[in-house]
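Please consult the sequence and the model while reading the points below.

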Amino acid sequence: MPTFSVTVPAASAAERLDKYLISCESVQQQCAGLNRSKLKAIATGITVNGRDAKLSTKIRPGDSIVVDWADNIPDHIDPEDIPLDIIYEDGNVAVVNKKQGMVTHPALGNWSGTLVNALLFHWNRESVAQTARRPGIVHRLDKDTSGLIITGKNRESEEWLQAQFRDRRVKKEYIAIVAGRPPHASGTIKTQIIRDPRNRKRFKAETGTENGKFAHTQYRCIACYGSFSLMRLQLKTGRTHQIRVHMKYLGCPILGDPLYGNKTQLFPDATLMLHSRLLSIRLPGQAAFSEFKAPVPRRFKKVLKTLHGKYLKCTITR
């Protein structure tokens, strides 16, 4: 994996790390055509003066920067004939029931086989530059989260949809099977979400701090089966890993979650039991909201069948 290091010259002005790297001649010599999108895609680790840093970090004269990046990155995103479960489609949008295991768009470690590759083929489009915007993508789901995702088929539709996500006018509802029982039948979780300093792949929920980003989730327990619960979850904000982090914070990590949960004796091979079940949004040019639902996945039905056979169904009354 290539590594590049540079010390910011004394005559330089303070600026964002990404802007400095893009304008740095020695960096461009090693990675021609580097822009902010490509930098974000290929950088696997960045430190400033020996400490982990973000692309938005302010750098100053004398700072020592080290960047690790991925090699052998393809120049283009190519159309791929990958079957898609289309819930709805018109001339402006497509609503897809994304299967578990599919990455939303090309990124480090997943340069092909993504939803974008499949959409390019489905829409009969040509290859696009790897450094260009991700065609159609206005929001995302984690690789192992299945369910509804809406995509824009043209720039105007993308901007229309993005505005609704930005203004938090979209209703997104998920179902999850968790290990544990919540303290109440329903509730609201409001915390800051910050990166876990002990594991850079994880995040954690904290209160009493202004660090990180504010996250708001509403939950309702549909039913309990022994030490497992079926939950309905509604996102009020859209942070990375938000539901997974908030369920762990609640003491009910999602079954099959390799980052925030633990293996259970009853379901040792379970994969992430989180599914985007409902999406309500205004389509381009429409005043009324359209509502879309995805069917319950087979992996949920198999786990629920086992739970129904082993435990009595009960509900939380408090």
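Arg244 is buried, with a relative accessible area of 7%; buried means under 20% relative accessible area, exposed over 50%, and partly exposed in between, computed with a 1.4 Å probe on protein chains only. The model is predicted, so local features need pLDDT of at least 70 and side-chain atom pairs count only at pLDDT 80 or more, whereas totals for chains, interfaces and linings use all residues. Residues are numbered from 1 along each chain as its sequence is written, and side-chain values use heavy atoms, with hydrogens and water left out.

**The salt bridge of Arg244**

- Arg244 forms a salt bridge with Asp142, and their closest N and O atoms are 3.1 Å apart; a salt bridge is a side-chain nitrogen of Lys or Arg within 4 Å of a carboxyl oxygen of Asp or Glu.
- Asp142 lies in the loop between strand 10 (128-129) and strand 11 (146-152), while Arg244 belongs to helix 6 (residues 242-249), so the pair ties together parts that are 102 residues apart in sequence.
- Helices (H or I, at least four residues) and strands (E, at least two) are DSSP runs, numbered from the N terminus.
- Asp142 also counts as buried, at 13% relative accessibility.

**Other salt bridges**

- In total, the structure holds 10 salt bridges.
- Arg232 and Glu173 meet through their side chains in a salt bridge of 3.4 Å, N to O.
- This pair links distant parts of the chain, with Arg232 in strand 16 (residues 228-235) and Glu173 in strand 12 (residues 171-179), 59 residues apart.
- Arg232 is partly exposed at 33% relative accessible area, whereas Glu173 is buried at 13%.
- Salt bridges with shared partners join Arg140, Asp142, Arg244 and Asp257 into one network.
- Asp18 forms a salt bridge with Arg16, the closest N and O atoms being 2.7 Å apart.
- Asp18 is buried, with a relative accessible area of 3%, but Arg16 is partly exposed, at 26%.

**Enclosed space**

- The structure holds 1 cavity of 30 Å³ or more; a cavity is a set of points on a 1 Å grid over the protein atoms alone where a 1.4 Å probe fits but cannot get out, and lining residues have an atom within 4 Å of a point.
- The largest cavity has a volume of about 40 Å³, a volume being the space filled by probe spheres set on grid points that are joined across faces, edges and corners.
- Its lining residues include Ala179, Pro253, Ile254 and Thr264.

Conventions
1 Å grid on protein atoms, 1.4 Å probe; cavity = no way out; pocket = protein on both sides within 12 Å on 5 of 7 lines; lining within 4 Å.
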